[in-house]
Amino acid sequence: MTGTVRELRVHESVRALVRPFVTAIRRADAIPVVLVEAVDDTGASGWGEAAVSWRVTGESPASVRAAVLGPLSDVVVGRPLDATATLGADLARAVVQNAAARSAVECAVQDLSAARRGLTLAAALGAPGPGLSGGRGRRTGPGVRSDVGLRSDLRVPADLTEPADVRVRTDITVSAASTETLVAVARQHVADGFTTIKVKVGAGGDDRAALVALRESVGPDVVLRVDANQAWGVDEAVGIIRYWEAAGVGLELVEQPVRARDLDGLAAVTAQVGTPVLADESVRTSDDLREVIRRRAAGLVNLKLAKTGGLAAARSMAELAARNGIGVVVGCMMESSVGVAAAAALAASLGGADAARTHDLDAGLWQSTSPVRGGIRYDGAEVALSSRPGLGIDGPAGDGPLVGDDPAVDLPAAQRTVAP
Ligand SMILES: [Mg+2]
């Protein structure tokens, strides 16, 4: 039962965020959400998302639509659903860059392909999902059952919907803000069950004092990581990080302290501080990762599908990183739970030390609702993957709030007040 891809469709909306997202690079109160739907010859659909931001991904809803309905459709329409081994590479040959668009198409087709085989996307990537035994993912909670039936029955009746049994842990990001706001928001997240807080720094505030105050407020058990989004020079980065080390802040890692292309600078920071450095904007492709490895520029890499151009490239980069002792954090852009679902499947497929990693998959929490029915759900600090075939997405929710429509979200006032 192979099947073919019949059509690609693009769905666009603009969705309000539950609170402003503020980093050293940008501020966003709403984001465009661009979903790609791949339809097969039976009418079944697979889903992917293209994270768009001129300042981060360099792509827009219009550019994604043009790429998906043009050259990327040429690659996949009529293609057998079991021909996924070279799909990522074939898409990469069809268009230069446009990584988010390519990722959306690859994820949508991989979702269809996995579902056609009765596997979750995570299981299709090698994770111990439904139908597989043992392995690296974590099965938790009551209601875990044999999923043998899923393999032979693609159309799972609603009454067979079970609690997801594969989970990955995520951090929660706190926007750059005044110290008072930062501490208040972080404390709320800890009260909500999060154990790792990622703080956006480098946006002009007193980061030194803020992180000391935050550590004092949340106590020693909460894991703190920071992301400077390229804001610092080398000496500045080393000075700030050493200050935190001397003050006993105990950061888990510092993400992208210097400019993306300054790999020598990144290596210099890595060499001069004890805190692990995570490369994000510096690594989009496997060539970038090889350069980071060659220069020993970072101890960890943040892999995001919108940078790598899809699952296959991300998987091979994760393997390259593991072979060279580089830790992998799977991240996401400011995107919906559709993109996060594919990233969570990738995270669930990782082995070794990366299997226990706290990933960076909180973006779906920044919108009050998901644009689709089914898929992942958030449970405290965990992303619970659907146990149903593919990504477990049923279709568009159809009721997502657009900008101006978002109902008042019940959050502490501190979360709605962010320093410019
Ligand atoms: Mg980052």
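Me: Between which two helices is the loop that holds Asn98?
Reply: This is a predicted model, in which local features need pLDDT of at least 70, side-chain atom pairs count only at pLDDT 80 or more, and totals for chains, interfaces and linings use all residues. Residues are numbered from 1 along each chain as its sequence is written. Helices (H or I, at least four residues) and strands (E, at least two) are DSSP runs numbered from the N terminus, and on that basis Asn98 sits in the loop between α2 (87-94) and α3.

Me: Is Asn98 buried or exposed?
Reply: Asn98 is a residue other than glycine with a positive phi, near 50 degrees, while most residues other than glycine have a negative phi. A residue is buried if 20 or more other C-beta atoms, placed from the backbone, lie within 10 Å of its own, exposed if 12 or fewer, and partly exposed in between. Because Asn98 has 25 C-beta neighbours inside 10 Å, it counts as buried.

Me: How does Arg296 count, with its 14 C-beta neighbours inside 10 Å?
Reply: Arg296 also has a positive phi, near 50 degrees, and lies in the loop between α10 (286-295) and β10 (300-303). Because its C-beta neighbours inside 10 Å number 14, Arg296 counts as partly exposed.

Me: Why is strand β6 largely enclosed by the rest of the structure?
Reply: Thr196, Lys198 and Lys200 point one way from β6, Ile197 and Val199 point the other way, and all are buried. Strand β6 (residues 196-200) is therefore largely enclosed, the number of its residues that are buried being 5 of the 5.

Me: Which residue of β6 is the bridge partner of Thr173?
Reply: Two strands pair if DSSP finds at least two bridges between them, and 3 bridges join β5 (residues 172-174) to β6 in a parallel run. Across this pair, the bridge partner of Thr173 is Lys198.
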